[in-house]
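Subject: Structure for your review

Dear colleague,

Please find below the structure that I am handing over to you. My findings follow directly after it.

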Amino acid sequence: MSMEWMAPAMFAGLIIVLLMGYPIAFSLAANGLLFAIIGIQLGFFDMSLMQALPERVLGIMANQTLLAIPFFTFMGLILERSGMAEELLDSIGQLFGAIRGGLAYAVILVGALLAATTGVVAASVIAMGLISLPIMVRYGYDTRVATVVIAASGTRAHIIPPSLVLIILADQRGISVGDLYKGVLMPSLGLTGLYI
């Protein structure tokens with residue numbers, strides 16, 4: 001096997017392991033180690049590089065910036081499980097109640113706030129889907145329109161500060177997280193305004 005086929009083979013191996021039903025974290029780790037051993041056996045890289053693996057893991061665990069990831073995820077989970085996000089949607093829905101499509105406006109604004117608190121697209125979309133889809137269908141919105149509004153409002157979590165993607169990007173690029181947040185604040189507010 002040539003070096004060019006390692007990446008597609010690794011991707012195919014990951015898909016096979018995931019389709020077998022193993023959890024994603026274990027599948028990624030096992031797939032990476034398996035293809036590292038294959039790469040060593042084929043002579044693509046040296047075994048001494050595997051000795052740097054524990055230091056790399058400990059270096060990532062000691063990174064203070066990445067501590068924000070589990071905390072933001074936990075905060076989004078608390079908002080969704082406690083019912084605070086649903087109450088927020090109800091309150092903003094009453095604010096826009098007299099306007100045609102007011103509930104859709106409320107979903108977009110609550111989606112922006114929820115995206116800012118979770119920082120993860122999947123958590124934001126799932127939470128908004130569970131909270132707002134039944135309410136929108138109950139008020140007579142077409143299911144397709146409601147789904148599009150929820151998907152659009154939840155997928156802004158990558159750009160709305162404090163986004164976990166921005167934290168990882170700032171860490172990898174070696175720049176300040178605060179500077180990156182300042183840089184994306186106006187585009188994220190502009191995108192929310194365009195959605196409304």
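I begin with the largest pocket of this predicted model, whose volume is about 230 Å³. Its lining consists of 15 residues, and those closest to the pocket centre are Gly93, Gln94, Leu103, Ile135 and Tyr139. Two or more lining residues come from each of the helices α5 (84-95), α6 (102-118) and α7 (121-138). Helix α5 provides the largest share, with 4 residues. Sorted by class, the lining of the largest pocket comprises 7 nonpolar, 5 polar and 3 charged residues.

Regarding the confidence of the prediction, the average pLDDT of the protein chain is 81, and 94% of the residues reach a score of at least 70. Helix α1 (residues 6-19) has the highest confidence, with a mean of 91, while helix α4 (residues 68-82) has the lowest, with a mean of 74. I would ask you to keep these values in mind when reading the remarks on individual residues below.

The overall architecture is helical: the protein chain contains 10 helices and 0 strands. Read from the N terminus, the order of elements is accordingly α-α-α-α-α-α-α-α-α-α. The radius of gyration of the protein chain is 21 Å, whereas a compact globule of 196 residues would be near 16 Å. Along the principal axes, the C-alpha atoms occupy a box of roughly 70 × 40 × 30 Å. Of the 196 residues, 33% are buried. Among contacts with a sequence separation of 6 or more, 61% are between residues 24 or more positions apart.

Beyond residues up to four places away in sequence, serine 132 touches Leu89, Val107 and Ile150. Alanine 127 also has its place in helix α7. With a relative accessible area of 4%, alanine 127 is likewise buried. Once neighbours within four places in sequence are set aside, alanine 127 is in contact with Glu80 and Leu114. The C-alpha atoms of alanine 127 and glutamate 80 are 6.3 Å apart in space, although the two residues are 47 residues apart in sequence.

Phenylalanine 11 and isoleucine 92 are 44 Å apart in space and 81 residues apart in sequence. For glycine 13 and arginine 144, the separation is 36 Å in space and 131 residues in sequence.

I would be grateful if you could look over the model with these points in hand.

With kind regards

How values were computed. Residues are numbered from 1 along each chain as its sequence is written. This is a predicted model: local features need pLDDT of at least 70, side-chain atom pairs count only at pLDDT 80 or more; totals for chains, interfaces and linings use all residues. Side-chain values use heavy atoms; hydrogens and water are left out. pLDDT is the predictor's confidence in each residue, from 0 to 100. On a 1 Å grid over the protein atoms alone, a cavity is a set of points where a 1.4 Å probe fits but cannot get out, and a pocket is an open set with protein on both sides within 12 Å along at least five of seven lines; lining residues have an atom within 4 Å of a point. Grid points are joined across faces, edges and corners, and a volume is the space filled by probe spheres set on the points. Ala, Val, Leu, Ile, Met, Phe, Trp, Tyr, Cys and Pro count as nonpolar, Asp, Glu, Lys and Arg as charged, and the others, Gly among them, as polar. The radius of gyration is taken over C-alpha atoms; the globule rule is 2.2 Å times the number of residues to the power 0.38. Buried means under 20% relative accessible area, exposed over 50%, partly exposed in between (1.4 Å probe, protein chains only). Contact means heavy atoms within 4.5 Å.
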